[in-house]
Amino acid sequence: MLMVDSFIILTDSGSDITQEMAENMQVQIMPLMYTLDEGDPMPGDKVDIKDFYRQLREGKSAKTSAANYEDLTRTLETIVCGGHDVLYIAFSSGLSSTAGTATLVAGELCEKYPERKIFVVDSLAASLGHGLLVYLAARCRAEGKSIEQVRDFVMENRLRLCHWFTVDDLHHLKRGGRVSAATAAIGTMLSIKPVLHVDDAGHLINVSKARGRKASLAALVEHMEKTAIDPAGQTVFISHGDALEDAQLVAQMVREKMGVQDIQIGYIGPVIGAHSGPGTVALFFLGTQR
């Protein structure tokens, strides 16, 4: 149940926050849509995730779409008409047009409803990196901070939200233009695994390569060791594309090397998974820089 005496934190399914997590955080999720092959568009927050990855492994192709003007207007207007201010923490503008459209809609609604506060913050983040930023914002609100204070916290900390990814299958990155066909073919043959991160502009960037799966997973943890702020004292999120054992291995390394106690593991949803594919593992934490 959302707090009626406070403001609403809104996010979207690019954050990979599950409905259960959203209820615990007391946040609302706006679904972004995806399609499998030529099927009908489906909301990214309501999916049989294991079946989604099974179909990707069987060769089906997934596509995603940003939230449109009408959807955003309906979602935000419903909240403000219910008597609430709203802080929308949006999927990275480096990966989607959703944040830009939401900013336009918010400006129009602020003129229509001048008594309400409507703020949109571009998370410059993805998957549970975006989700971790929402989690931290919800914690600030629970501590009694105002909507302006929580907005400013998100703005001040979004570029400290570190994302480190690796994928098991280069096919999906090739299809999305992240690696060339030749790189994908050679990398698959030699078991070369890319290590990627989200940069300060919110884009997914190929940073380095590791030889073999275990080395690529260890590389995620090595990056965390270099930049993490008080690792033992923070909450760390790990997401995966139907690769729970590998995610648990990363969690074990993070605990052993840095003494982290609070680790939450979740699935990469279809909005991100459509592009990263099965077997992706991602590590998210607060660091000195991305």
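Is Asp 168 buried, exposed or partly exposed? I looked it up and found Asp 168 partly exposed, with a relative accessible area of 38%. My cut-offs: buried is under 20% relative accessible area, exposed is over 50%, and partly exposed lies in between (1.4 Å probe, protein chains only).

**Ground rules.** I am working on a predicted model, where local features need pLDDT of at least 70, side-chain atom pairs count only at pLDDT 80 or more, and totals for chains, interfaces and linings use all residues. Residues are numbered from 1 along each chain as its sequence is written, and side-chain values use heavy atoms, with hydrogens and water left out.

**Salt bridges.** I searched the whole structure and got twelve salt bridges. The criterion is a side-chain nitrogen of Lys or Arg within 4 Å of a carboxyl oxygen of Asp or Glu.

I started with Asp 168. Its side chain meets that of Lys 193 in a salt bridge (3.2 Å, N to O). The pair links distant parts of the chain, 25 residues apart: Asp 168 sits in the loop between strand E8 (161-166) and helix H7 (171-175), and Lys 193 in strand E9 (residues 192-198). Helices (H or I, at least four residues) and strands (E, at least two) are DSSP runs, numbered from the N terminus. Lys 193 is buried, at 11% relative accessibility.

Next I checked Arg 57. Its side chain forms a salt bridge with Asp 242 (2.7 Å, N to O). Arg 57 lies in helix H2 (residues 49-57) and Asp 242 in the loop between strand E11 (235-240) and helix H10 (244-258), so the pair ties together parts 185 residues apart in sequence. Arg 57 is partly exposed at 47%, whereas Asp 242 is buried at 17%.

I also noted Lys 145 with Glu 143, a salt bridge at 3.1 Å, N to O. Lys 145 is partly exposed at 33%; Glu 143 is exposed at 53%.

**Helix packing.** I then turned to helix H3 (residues 69-81) and helix H4 (residues 98-112). They pack at an angle of about 50°, with their axes 9 Å apart. Axes are lines fitted to C-alpha atoms, for helices over the stretch in contact, and angles run from 0 to 180 degrees between N-to-C directions. H3 and H4 are therefore oblique to each other. Oblique is what remains after roughly parallel (under 35 degrees), roughly antiparallel (over 145) and roughly perpendicular (65 to 115).

I listed the contact residues (heavy atoms within 4.5 Å). Among them are Leu 72 and Leu 76 of H3, and Val 105 and Leu 109 of H4.
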